[in-house]
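I am opening a notebook on a structure that is new to me. I will start with the overall build and then go on to domains, chain contacts and helix packing.

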Amino acid sequence: MTARVTAAPAVGRPSARSARKLARKIAVYVALIAGGLAMMIPFLWMLTTSLKTRAEVFSSSPLSFPTGLHWENYTKMWFALPQVTFGTFFQNSIVIASLATIGQLVTCSMAAYAFAMLEFRFKRVLFALILATLIIPFQVVLVPNFILYRYLPWPFSQSGNWIGTNLPLWVWAFFGGAFGTFLLRQFFLAIPRELADAARVDGANPWQIFLRIYVPLARPALATLAIFQFMWSWNDLLDPLIYLRDLPTYTTTVGLAFFQGQFVGKWPEMMAGALVSLLPMIILFVVAQKYFVRGIALSGLKG
Amino acid sequence: MTALTRLGDRAGRATSPGQARPHGGPRARESRWALLFLAPTIVGLAVLSAGPILAAFGISLTKWDLMTPPQVVGLDNYARLLSDDRFLKALRNTAFYTVVSVPVGLTFALGLGVALNQQIRGIAWIRTAYFLPLVTSATAIALVWLWIYSPTGLLNNLLATFGISPQRWISDPTLAMPSIIAMSIWQGLPANVIIFLAGLQAIPVEYYDAASVDGAGRRSRFRHVTLPLLTPSIFFTGILALIGSFQVFDQVYVMANPGKPSEATITLVYFIYENGFRNFKMGYASAASWLMFLIVAVFTILYFRTQDRWVHYQ
């Protein structure tokens with residue numbers, strides 16, 4: 001930016017120019033910060049509402065700050081439902097998101113290695129097919145997959161099949177995925193081939209090269225994939241809604257949607273619930289923002 | 001970045017001349033290794049994605065409630081869909097959502113991307129504020145916006161200070177869809193802004209210097225340097241926004257109090273969910289999903305066709 005400004009044809013006395021530059025800089029700051037605050041309004045409002053009493057929410061000006069910090073809204077929300085707490089939903093979400101993340105890390109990195117490093121027949125066709133699944137709306141396969149899971153036996157569920165268990169929400173992740181495969185393949189291609197060649201001369205087979213050279217070097221890309229998959233699983237609503245049947249198995253999103261149906265008008269508790277459900281992702285984002293940005297900039301995918 | 005954009009010109013030459021090779025030797029051994037690495041992916045493709053797309057078409061030709069064996073009914077489901085008022089409403093709402101949210105969302109994101117492309121102190125923190133909606137679930141966000149839009153909510157209170165009478169943002173059929181679109185644009189901004197920022201930062205500074213030397217002003221530099229060089233990013237975000245806009249579900253599910261949207265806000269995916277997993281009409285839901293698939297495919301292909309006319313690759 002500064003390079004461009006100084007490159008502009010010089011006009012006026014130097015002091016007037018620098019004053020104008022300073023004014024412009026301040027204007028940029030003010031505009032960007034004001035815009036940022038505007039983007040944050042829903043979050044700020046969620047926070048202030050969650051700390052108000054219900055009477056306060058409806059009587060006082062919506063922009064006012066809470067008179068006292070009513071943290072009890074959070075406890076009320078946490079224990080609002082019979083037989084389960086919000087903690088149960090959290091636990092379910094963590095289990096599902098973790099398993100899905102592990103599955104994607106293992107199988108996408110394997111596929112990515114094959115596409116980046118090995119030569120085989122139908123490589124192009126297969127890769128094109130995988131990329132094509134990126135632009136196919138996954139809702140097309142909702143019904144066939146539901147039927148598939150309905151015929152897969154599972155002795156520990158009420159139905160005797162996978163419906164009503166969390167299996168359909170993470171087992172798929174152990175069978176590859178387009179986003180992760182593409183992301184990691186790009187990363188593997190950038191690793192100097194000499195490393196693999198040297199290992200091969202030493203008698204290492206492709207599996208050893210993959211495990212000892214490529215996986216350790218790809219840690220940043222693996223972190224990006226892990227973060228995205230965790231976020232997608234955490235935020236997913238449609239699949240848990242279809243497959244989970246009992247309250248104790250609900251994930252945070254389904255629990256929250258259920259909560260909304262049960263507690264119409266209880267805005268402070270509802271905002272407390274929404275905020276708590278977002279908190280893990282917000283913390284993850286603040287800590288690992290560069291991985292999010294890199295993942296999107298590299299492959300441009302969102303949930 | 002280039003994966004999807006390159007897909008178009010790849011499709012034509014799927015098999016390259018160098019692929020027919022004799023069996024045996026190191027090449028065959030490498031193929032066997034590849035098969036090992038790719039086994040999970042190939043199974044997934046066959047059983048969970050590519051296979052089911054074909055299966056969905058088969059199911060769409062039947063009447064099936066999962067309790068009794070499926071009956072083949074031919075194209076009956078499709079014919080019924082086209083005269084089903086609720087389906088046509090879902091189609092219309094989804095089309096409206098796409099036509100409004102894609103261009104408006106991308107324009108905002110482009111402006112914001114240019115605005116955030118500054119080398120100033122603290123820009124990382126400022127960007128964090130803009131990027132935050134990226135990681136939030138549509139479910140929680142829809143709850144917050146439900147409260148913003150509620151009769152006693154923030155929006156009506158703000159408008160009251162300007163003397164505008166309160167509106168029923170969600171329950172009024174004409175306002176419901178625009179309200180949902182506004183929320184979705186807000187939530188979708190960060191991802192598009194990040195792609196635009198990456199595109200902007202890839203533009204060599206020399207281009208701007210050269211334009212300045214030629215006497216180009218700020219606006220002219222944007223028009224003749226930034227915009228043309230950003231067309232790949234615009235093309236790319238366009239395809240993502242297009243596909244994403246056909247998949248709207250969470251917001252509609254949460255906002256339509258709860259889980260039963262009226263004809264004003266029902267979307268295609270909600271229609272599929274409702275018929276497949278609430279009414280257990282598997283054939284009917286599959287037919288709807290196949291129509292959606294066809295619509296998305298046709299628009300995607302048409303969109304890729306326009307690529308040569310306006311996208312400039314460096």
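**Entry 1: overall build of chain A.** I counted the secondary structure elements before anything else. Chain A has 15 helices and zero strands. I note here that the model is predicted. Next I looked up the extent of the chain. The C-alpha trace of chain A spans about 75 × 70 × 35 Å along its principal axes. I then checked the radius of gyration, which is 25 Å for chain A. A compact globule of 303 residues would come out near 19 Å.

**Entry 2: domains of chain A.** I looked up how chain A is divided. Domain 1 covers 2–73, and domain 2 covers 76–299. I found their C-alpha centres 35 Å apart. How many residues of domain 1 of chain A are in contact with domain 2 of chain A? I found 11 of them, and they meet 10 residues of domain 2. Then I asked which elements supply the domain 1 side. Helix 2 (14–50), helix 3 (54–59) and helix 4 (72–78) of chain A each give two or more residues. Helix 2 of chain A gives the largest share, four residues. By class, I noted three nonpolar, five polar and three charged residues on this side of domain 1.

**Entry 3: domains of chain B.** Domain 1 runs over 26–60 and domain 2 over 78–310. The C-alpha centres of these two domains of chain B lie 33 Å apart. Four residues of domain 1 of chain B touch six residues of domain 2 of chain B. I sorted the domain 1 side by class: three residues are nonpolar, one is polar and none is charged.

**Entry 4: where the chains meet.** I turned to the contact between chain A and chain B. It takes 88 residues from chain A and 89 residues from chain B. Which element gives the largest share of the chain B side? I found helix 2 of chain B, residues 25–60, with 20 residues. The chain B side divides into 62 nonpolar, 22 polar and five charged residues.

**Entry 5: a helix pair in chain A.** I picked helix 5 (residues 86–117) and helix 11 (residues 219–235) of chain A. They pack at an angle of about 140°, and their axes are 8 Å apart. Helix 5 of chain A is therefore oblique to helix 11 of chain A. I also looked up the hand of this crossing in chain A, and it is right-handed. From helix 5, the contact residues include Ser93(A), Ile96(A), Ala97(A) and Cys108(A). Helix 11 contributes Leu222(A), Phe230(A) and Trp234(A), among others. I counted the classes in this contact of helix 5 with helix 11: 10 nonpolar, six polar and no charged residues.

**Entry 6: a helix pair in chain B.** The crossing of helix 9 and helix 10 of chain B is right-handed. Which residues meet here? Tyr207(B), Tyr208(B) and Ala211(B) of helix 9 meet Arg221(B), His224(B) and Val225(B) of helix 10. I logged four nonpolar, one polar and one charged residues for this contact in chain B.

Technical notes. Residues are numbered from 1 along each chain as its sequence is written. Chains are lettered from A and ligands numbered from 1 in the order in which they are written. This is a predicted model: local features need pLDDT of at least 70, side-chain atom pairs count only at pLDDT 80 or more; totals for chains, interfaces and linings use all residues. Domain bounds come from an automatic or database domain assignment. Two residues are in contact if their C-beta atoms, placed from the backbone, lie within 7 Å. Ala, Val, Leu, Ile, Met, Phe, Trp, Tyr, Cys and Pro count as nonpolar, Asp, Glu, Lys and Arg as charged, and the others, Gly among them, as polar. Axes are lines fitted to C-alpha atoms, for helices over the stretch in contact, and angles run from 0 to 180 degrees between N-to-C directions. Angles under 35 degrees count as roughly parallel, over 145 as roughly antiparallel, 65 to 115 as roughly perpendicular and the rest as oblique. A crossing is left-handed if the near helix is turned anticlockwise from the far one by less than a right angle, and right-handed if clockwise. The radius of gyration is taken over C-alpha atoms; the globule rule is 2.2 Å times the number of residues to the power 0.38.
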